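Below is a briefing on one protein structure. It covers surface and fold, the nonpolar cores, aromatic contacts and one backbone angle.

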Amino acid sequence: MTATDEELVARSQGGDLESFNELIVRWERPIYALAYRVIGREEDARDVCQDTFLRAYRALPGFKGQAKFSSWLYRIALNLCRDWIRRQRRAPVSQMPEDADAMELASERGPAESIEELVARRELSAIVEKAMAELSEEQRTAIILKEYHGMTFQEIADLQGCPLSTVKTRLYQGLSQLRRHLERNGQMVPEMVKRT
Amino acid sequence: MNEIFQCGDHGALVGYLYDECTPEEREAIASHLTRCVSCADDVSGLSSARRALAAWAPPEIALGIQITRKSDAEMVTPSGSVLSFTRPQAERTPWWKAPLPAWAQVAAAIVIFAAGLSVGYVRNGARPAAVPQATVASTPPVAGPSKTDLEQLEQRLRVEMAQLAHANSPAAAPVPVTARASGDVTMEQVKALIADSERKQNIDFTERAVRQNATFEAQRRADLESVSTRIGTLQGQTRGELGQLQQGFNYLATRVSQQK
């Protein structure tokens, strides 16, 4: 039977390193995805992800379990992302390569996806990434947490330290701006686009 | 508009969009959307933006983060642990840029060597009479490599190749590899490489074709617009000329009638 996060945290606090490593395996990809989407740079997102787990490990004795372990991790990661953005004093960059490697493309392709569909999805992804980089940090983070991490409005409000109504406003304004950007770029968004 | 939902309440619309509202609110908003074009357009546009977001995926990378105990590492934690980070080996390089593996180099050497031997063998066998008699007399006859020699050489190279391939693959199981088995493995690897290459070329070609098609389509539209504009201009000019002819004809008709 798979241990819960709480059980693994308790064992880690008792000095079981392997339990913490299991937590890392469980959460490294979501944390990396969050960091990448917020700051937009692959290498820096990797560093933020690494730093998140290092900080979590160091702070583990002080973690009392008031919040979910994942929420705690997300908070650490978001703080690190915010620090990175302030340090860089710039908006996230769109890092989509101009000439994608064909083998890379092939490996990304879904089982029922043609090359043409894959290329179209890559183009749309680049446009979305660019549009998201133009949003304010708060709007972008709210959308990322909602869309890709399935958080509730309340969870986002707790993470962002703002009222629930503010979260809704950020989502509305962010999505509206994204919509306008897509329309300007003549992007048709078909119904069948699958979440990846 | 009703007590539960006010038209233009963006927060409520977002709640409806993400299905984070009470059943009453949901029902009220759904009912409102059938009557209010503005709110319906809002919800439709936001849904469209959400669908586009599904296309945005972070790059797939190997993370491999883990905590290990090392006292001499830089980032030592209070408990003496350190966060080690396994980075991926290297950026993926195209296959044609990657250095040839040892087995491929050996295979290439075999092919070149065998070709050289074959050429020599054929030349010696095909033109024995061309060798001057004096030379034949002064030097002992040199026989070309026999088939057995070639087989022995091939066998030896295969053994060396197997050893090289084995040395280059640490993950391989430590069982003895026979020359024959190694040859099969090599053939499999060569076949896999060829298949990979064909697949890559196919994908590359399709991608280029898609881009080319898009460029061609854009050019075609621009040309059509240009042609349409020119036709319009020509039509305008023709109408002007026709008008002038008409005026001339009228003038002549008037003059003729006056002369009569």
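**Surface, fold and packing**

Chain A exposes about 9,500 Å², of which carbon and sulfur atoms supply 49%; accessible areas come from the Shrake-Rupley method with a 1.4 Å probe, and for residues only the protein chains shown count as cover. This is a predicted model, in which local features need pLDDT of at least 70 and side-chain atom pairs count only at pLDDT 80 or more, while totals for chains, interfaces and linings use all residues. Residues are numbered from 1 along each chain as its sequence is written, chains are lettered from A and ligands numbered from 1 in the order in which they are written, and side-chain values use heavy atoms, with hydrogens and water left out.

**Fold of chain A**

- Chain A has nine helices and zero strands, where helices (H or I, at least four residues) and strands (E, at least two) are DSSP runs numbered from the N terminus.
- Buried residues (under 20% relative accessible area, with exposed over 50% and partly exposed in between; 1.4 Å probe, protein chains only) make up 51% of the 196 residues of chain A.
- Among contacts (heavy atoms within 4.5 Å) in chain A with a separation of 6 or more, 61% join residues 24 or more positions apart.

**Nonpolar cores**

- A nonpolar core is a set of buried Ala, Val, Leu, Ile, Met, Phe, Trp, Tyr and Cys residues joined through side-chain atoms within 4.5 Å.
- The largest one has 80 residues, and Phe20(A), Phe69(A) and Leu175(A) touch the most other members.
- Helix α2 (residues 17-39) of chain A gives the most to this core, with twelve residues.
- Another core, of seven residues, lies apart from it and includes Ala104(B), Val106(B), Leu153(B) and Leu157(B).
- Beyond its neighbours within four places in sequence, Phe20(A) contacts residues including Phe53(A), Tyr57(A), Phe69(A) and, in chain B, Ile67(B).

**Aromatic rings and charges**

- Over all chains there are eight aromatic pairs (ring centres of Phe, Tyr and Trp, the last by its six-membered ring, within 6.5 Å; planes under 30 degrees apart are stacked, over 60 edge-to-face, the rest tilted).
- Phe69(A) and Trp72(A) form a tilted pair, 5.9 Å centre to centre with 50° between the planes.
- Both residues of that pair, Phe69(A) and Trp72(A), are buried and lie three residues apart in helix α4 (residues 69-88) of chain A.
- Together with Phe63(A), Phe69(A) and Trp72(A) form one aromatic cluster.
- Arg37(A) lies over the face of Tyr148(A), at 3.5 Å from the ring centre, and its charged end sits over the ring of Trp56(B), 5.6 Å from the centre (CZ of Arg or NZ of Lys within 6 Å of the ring centre and within 35 degrees of the ring normal).

**Backbone**

- Asp19(B), in the loop between α1 (10-17) and α2 (23-33) of chain B, has a positive phi, near 55°.
- Most residues other than glycine have a negative phi.
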